[in-house]
Amino acid sequence: MDLKPTFSIVTLGCKVNQYDSWQLARQLKEKGLRQVPFGVAADVVIVNSCTVTHVAEAKARKMLSRARRSSPQGLVVFTGCTAEILLQRGIRLEQADLMVGNADKAFLADRIIELVQGRKQLSERKEKLSLPYFQPFQDEQDDGVHERVRAFLKVQEGCDKFCTFCIIPFTRGMPRSKPIEQVVDEAKELVNDFGFPEIVLTGVCLTLWGREFGLTLADLLEHLHQVEGLKRIRLSSLDPRDIEERLMKTCANLPKVCHHFHISLQSGDDKILEKMGRGHDCHYFQKVVDAFREAMPDAAFTTDIMVGFPGETDYHFENTVKFVNEIGFSRLHVFKYSPRPGTKASELSGHVPHEVAETRAQRLIEVGKELWRKYALKFIGTEQEVLVERCSPTSENGVGFIASGLTSNYLKVLWKSDKPIEAGEILKVQIVEIDEVQSHLVGKTEVSSFEVCGKIEMPKMTSFSLAPAVAEKEG
Ligand code: SF4
C-alpha cells in the first residue's frame, strides 16, 4: 500500500500557468508526494487560478469549492492570478487554507511540504507569504509543461505594457527574463533527458525576453537552434509592438523554428486599439504580417480578438471582421471583454450589453472557421513535414494505425498507417483533403497501404491548444 501523501492540482488559464503547475507538481513529486487526479480526495489540493476574465475568476472559485468538497481534511491551496489579485485587495477565501500570489509561487512547494509534514499547525495555515513582488526570475531547473512530444519552456515573466483591459501587469509583476545559459541548459535537459523533439517558448510577454540583458528573442533562438537533438522550436504569443525585422529573418533562416506566429491583435479597429492602449494601429499590424509573409510565405498567423470592449459599436466590430479577413489568419481565438477592477478600461463608459458581445463573438468564431478552411485548403496536394504526436490502432477491422501530428505551421494532420509510428518522428505526409468539422488535414504516406476514405476519427484524441490557451492570458 502506497502511504505517500498525495496531491492534486487543477490549472486554469494560459500556458504560463500550466508551466507553473508542472514545475510545482515536479517539485512535490521529488519531495515524495504522489499525484492523484483532481477531484479525488488528497492530502493537498492546489487550484492554480486565472483572472483574465470574470468567467475565469468564477471558474477558479468554483474549483476551489470543489477542492474543499473533495478533500475536507486536505490542505487546500489557492494560487495564481486570482489569488494574487484577492491578496492585493486583502481578501482571503474561507475555503482555502493557503493563498499564495504569483510572486511567491517559487517557494510554494517548500511551504506545502512544511505544512504536510506537520511543522505548522492547521490554524497557522491561513497566511499569505510576503515576499517582494518585483523579484528576479525564479524557477530554477524547470522541466517545462509537457504534452507528448512538446515541452513548454517558460523564459519570461511579467509585463509592463499596461494595456487598458489587462490585469496581468498587476498579477505577474514587471518583466524579467530567464538568462540565456539557463534556457539553453533546460532545453538540453528537455531534449536529452526527457526526449522532447519540440520546445515551445512561453512567457507572459515573450517578445520582452532579454531586454534587461540587451538581447532579443532572435539571440535566444540562435542559441537554442544549436541544441543537438532538438527538432523544432515554436514561439507562443508575440506582441506586434516588439517584433523586429531581425526576429523575422532569424525565424526564416533557422530551419528548426516553426512557421507559426501567434500575434495578438485584440481589435481590427484603430479607435478601439487606441482605447485599449495597444500602442499600434491596424496599418502597423498589417506591415508586420506582410514582412513575415515575405520572409516565410507558408507561415500561419493566429491571433486573439476581444469583442465587446467599452465603446465598441457595430461599426468598430465590422472593421474587425473586415481586418481579420484581410490579414487571413489561420485561426482566431475570440473572447468577450469583461472588466477587471483596477484596470483603466473598467472605468470607461460605453458598456456593451452581454447579448451583443455574445452575438459578435459567435459571428467571429464562424469567421475564424472559414479562415481556417481557406488556409487549410492551400495545402491539399502538398507534402508536409509532420511531427508525429500519436499513433493508435485503428478501430476499423482491427488492422492498421491512425497517426496524427502537427505541421510546422500548426495544422493538425491525421493519416492511416499500416505500421506503428514512433511519436516524435518527423515524417513527410501527402495532404489529400481537409476535414472541416474536426479542423484537421487528412494525409497519406508512402508506407500506408490504406485507402484514404472520408473522416478519420482518432480514438480519444485530445485537442492541440497552443495558441488559444496562450492567447487567453497574453497580449
Ligand atoms: S495584454 Fe499582453 S501586452 Fe498588454 S498588458 Fe496584458 S500581458 Fe502585457
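The model is predicted, so local features need pLDDT of at least 70 and side-chain atom pairs count only at pLDDT 80 or more, while totals for chains, interfaces and linings use all residues. Residues are numbered from 1 along each chain as its sequence is written.

**Overall picture**
- The protein has 13 helices and 19 strands; these are DSSP runs numbered from the N terminus, with helices being H or I of at least four residues and strands E of at least two.
- Of its 475 residues, 49% count as buried, meaning that 20 or more other C-beta atoms, placed from the backbone, lie within 10 Å of the residue's own.
- Among contacts with a separation of 6 or more, 75% come from residues 24 or more positions apart; a contact here is a pair of residues whose C-beta atoms, placed from the backbone, lie within 7 Å.

**Helix 1 against helix 4**
- The axes of helix 1 (residues 15-30) and helix 4 (residues 108-116) come within 9 Å and cross at roughly 40°; axes are lines fitted to C-alpha atoms, for helices over the stretch in contact, with angles from 0 to 180 degrees between N-to-C directions.
- That angle makes helix 1 oblique to helix 4, as angles under 35 degrees count as roughly parallel, over 145 as roughly antiparallel, 65 to 115 as roughly perpendicular and the rest as oblique.
- Helix 1 brings L24, Q27 and L28 to the contact, and helix 4 brings L108, A109 and I112.
- By class, those residues are five nonpolar, one polar and no charged; Ala, Val, Leu, Ile, Met, Phe, Trp, Tyr, Cys and Pro count as nonpolar, Asp, Glu, Lys and Arg as charged, and the others, Gly among them, as polar.

**Helix 3**
- Seven of the eight residues of helix 3 (residues 81-88) are buried, namely C81, T82, A83, E84, I85, L86 and L87.
- Just after helix 3, G90 has a positive phi of about 75°.

**The barrel**
- Five strands form a closed barrel in the order 15-16-17-19-18, with mixed pairing; two strands pair if DSSP finds at least two bridges between them.
- Strand 16 (residues 401-407) pairs antiparallel with strand 17 (residues 412-417) over six bridges, and L406 has K412 in strand 17 as its bridge partner.

- Three strands make an open sheet in the order 12-13-14, with parallel pairing.
- Strand 12 (260-262) and strand 14 (331-336) are the edge strands, each pairing on one side only.
- Here the twist averages 15° from one strand to the next.
- Strand 13 (residues 300-307) runs parallel to strand 14, joined by six bridges; V307 has K336 in strand 14 as its bridge partner.

How values were computed
Buried ≥ 20, exposed ≤ 12 C-beta atoms within 10 Å, placed from the backbone. Contact = placed C-beta atoms within 7 Å.
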